[in-house]
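Subject: Handing over a structure

Hi,

Here is the structure I promised to pass on.

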Amino acid sequence: EAVMEAAVQLEDGEATATLAHALDQRYGVHPAEIDHDRPLLIAGPPGAGKSSALAKLAARAVTAGAAPYIISADARAGAKAQMAAYAGALGCPFESVDGPRELHALLARLPAGPILIDSAGVNPFELDDLEALTDLADAADAEIIAVMEAGLAPGDAEDAAGLFASVGAGRVIATKIDAARRLGALLGFGEAGLAYAH
C-alpha cells in the first residue's frame, strides 16, 4: 500500500519508471563492495546460498584486481572443502576457523586487505544462533550481510530480516529469485530496514 501510494503521488509517467521511483523512496540499495578496511561476514539461514553469494562477491573483487582473503567459519561437513574449492578456483588465499577466538587470532596475523568470511547457517528465530553470529562478527569487527531466499513468505521474510538487523546486519543479498513464484519477501527485507546489496 505504501509503495502504491508513493507511485500514485507521482506525475503520470511510464509504469516501470513510476514503480522504480516509488521503490527508491521507500527502500535502500547499497551494493556490497569489497572493503579493504572492514571484513564482510556473510550470514543467513541454512541453504540460503551464503557460500555461493560469497564466491560471487569474491569473483567480482578478483575481476576488479583485488584478491580477497576468504575465511570459512562453517563447521558443517564439506563446507570448508567447498569454500576452499571456490577460493582455489579464484586464486584467493583461504583459511578456516572453528570459532570467534580462532578467527580473531587469524585476523591479527593477516596482512591488510579485503576479507570475506563465510559463516555457518543461522536460524534467526533461535537466540543461541544469533548470539553465535554476533560473537563471530565482534571477533572480526565485521559487517554482517544477510543472505536470504526470495521465495520466503513475506511476513516470515520481514521477521527474519528484522532479527538479522537486530544483531547489526544492514544489508541483504536476495538469492533464488529465479525459483521464487512470488516476490513479496523482497519487500519484507526492505520493510525490516535492510538495504539491498545485490
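Below is what turned up, going from the whole chain to the sheet and then the cores.

A word on the ground rules: this is a predicted model, where local features need pLDDT of at least 70 and side-chain atom pairs count only at pLDDT 80 or more, while totals for chains, interfaces and linings use all residues. Residues are numbered from 1 along each chain as its sequence is written, and side-chain values use heavy atoms, with hydrogens and water left out.

The chain has eight helices and seven strands (DSSP runs numbered from the N terminus: H or I of at least four residues for helices, E of at least two for strands). Its radius of gyration is 18 Å, close to the 16 Å that the globule rule gives for 198 residues, so the chain is as compact as a globular protein of that length (the radius is taken over C-alpha atoms, and the rule is 2.2 Å times the number of residues to the power 0.38). Of those 198 residues, 42% are buried, meaning under 20% relative accessible area with a 1.4 Å probe, protein chains only.

Now the sheet. Seven strands form an open sheet with parallel pairing, in the order β3-β2-β4-β1-β5-β6-β7; strands pair if DSSP finds at least two bridges between them. At the edges sit β3 (94-96) and β7 (195-196), each pairing on one side only. Strands β1 (residues 40-43) and β4 (residues 115-119) are joined by three bridges, and Ile 42 has Asp 118 in β4 as its bridge partner. Helix α6 packs on the sheet, touching β1, β2 (69-73), β4 and β5 (143-149). Contact here means heavy atoms within 4.5 Å.

Which residues touch the most other members of the largest nonpolar core? They are Ile 71, Ile 117 and Phe 189, out of 42 residues. Such a core is a set of buried Ala, Val, Leu, Ile, Met, Phe, Trp, Tyr and Cys residues joined through side-chain atoms within 4.5 Å. Helix α6 (residues 127-140) gives the most to this core, with five residues. There is also a second, separate core of 17 residues, including Ala 48 and Ile 70.

Finally, Phe 189 belongs to helix α8 (residues 184-191), where Ala 185, Leu 186, Gly 188 and Gly 190 are buried too. The buried residues of α8 pack against β5, α7 (154-166), β6 (171-175) and β7. After α8 comes Gly 193, with a positive phi near 100°.

Cheers

Key. Buried < 20%, exposed > 50% of the residue type's maximum accessible area, 1.4 Å probe, protein only. Axes fitted to C-alpha atoms, helices over the stretch in contact; angles between N-to-C directions.
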